[in-house]
Amino acid sequence: MRKTKSPYIKVRKSGIHNKGVFAKRDIPKGTRIIEYVGEKITKAEADDRAEKVIEEHKKKEKKGSVYIFELNKKYDLDGYPNYNTARWINHSCDPNAEVDIIRGHIWIIAIKDIKKGEEISYDYGYDIDDFEDHPCRCGAKNCVGYIVSEVDVPKLKKILAKKKKKAKKKK
Ligand SMILES: [Zn+2]
């Protein structure tokens, strides 16, 4: 399959992580920037794949990533294939886009006016479990240092504050 394209973006090296997706022109708020495509798989298959990646992580064999999105009650979408340009979009603690499912299609949508040259980002929405495996280098003023869902940020801040206290006591 050919790589997905969008008139709005280009992929290049990113300061956040590896490659990133950047605005090729100004993108108004509400724009469907690019579709997130991949392989449609059952929930059971998705669980198997996610587990496999986590296992590989633990064994430090490979630094795999999970690109699985919930599509509906029955199916998930695995965006690992190379033709899925949207897989290069990085997480940010102050994102300018979000993921939305519209009639069975996953879209990356601008939630702010994005200026030409800005990096596109969205909230990966990661679970707070194993947050230490996912450090964040987004560089946003409000960056919490780890990739966790926005809803878990207050919880994470509490955990980090406790850790800091403990570290001080040890000294
Ligand atoms: Zn961050």
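In strand β6, E70 finds its bridge partner in D76. This is a predicted model, in which local features need pLDDT of at least 70 and side-chain atom pairs count only at pLDDT 80 or more, while totals for chains, interfaces and linings use all residues. Residues are numbered from 1 along each chain as its sequence is written.

**Strand pairing**
- Helices (H or I, at least four residues) and strands (E, at least two) are DSSP runs numbered from the N terminus, and two strands pair if DSSP finds at least two bridges between them.
- Strand β5 (residues 68–70) pairs with β6 in the antiparallel sense, over three bridges.
- The two strands β5 and β6 make a hairpin, with four residues between them.
- Strand β6 (residues 75–78) also pairs with strand β4 (residues 39–42), again antiparallel, over four bridges.
- Opposite E39 stands D78 of β6.

**Confidence**
- The protein chain has a mean pLDDT of 91 (the predictor's confidence in each residue, from 0 to 100), and 96% of its residues reach 70 or more.

**Lysine K115**
- You will find K115 in the loop between β9 (105–110) and β10 (121–122).
- K115 counts as exposed because it has 11 C-beta neighbours inside 10 Å (exposed means 12 or fewer other C-beta atoms within 10 Å, buried 20 or more, partly exposed in between, with C-beta atoms placed from the backbone).
- Leaving aside neighbours within four places in sequence, K115 is in contact with A23 and D26 (C-beta atoms, placed from the backbone, within 7 Å).
- The C-alpha atoms of K115 and D26 are separated by 4.5 Å, although the two residues lie 89 residues apart along the chain.

Terms used:
Two residues are in contact if their C-beta atoms, placed from the backbone, lie within 7 Å.
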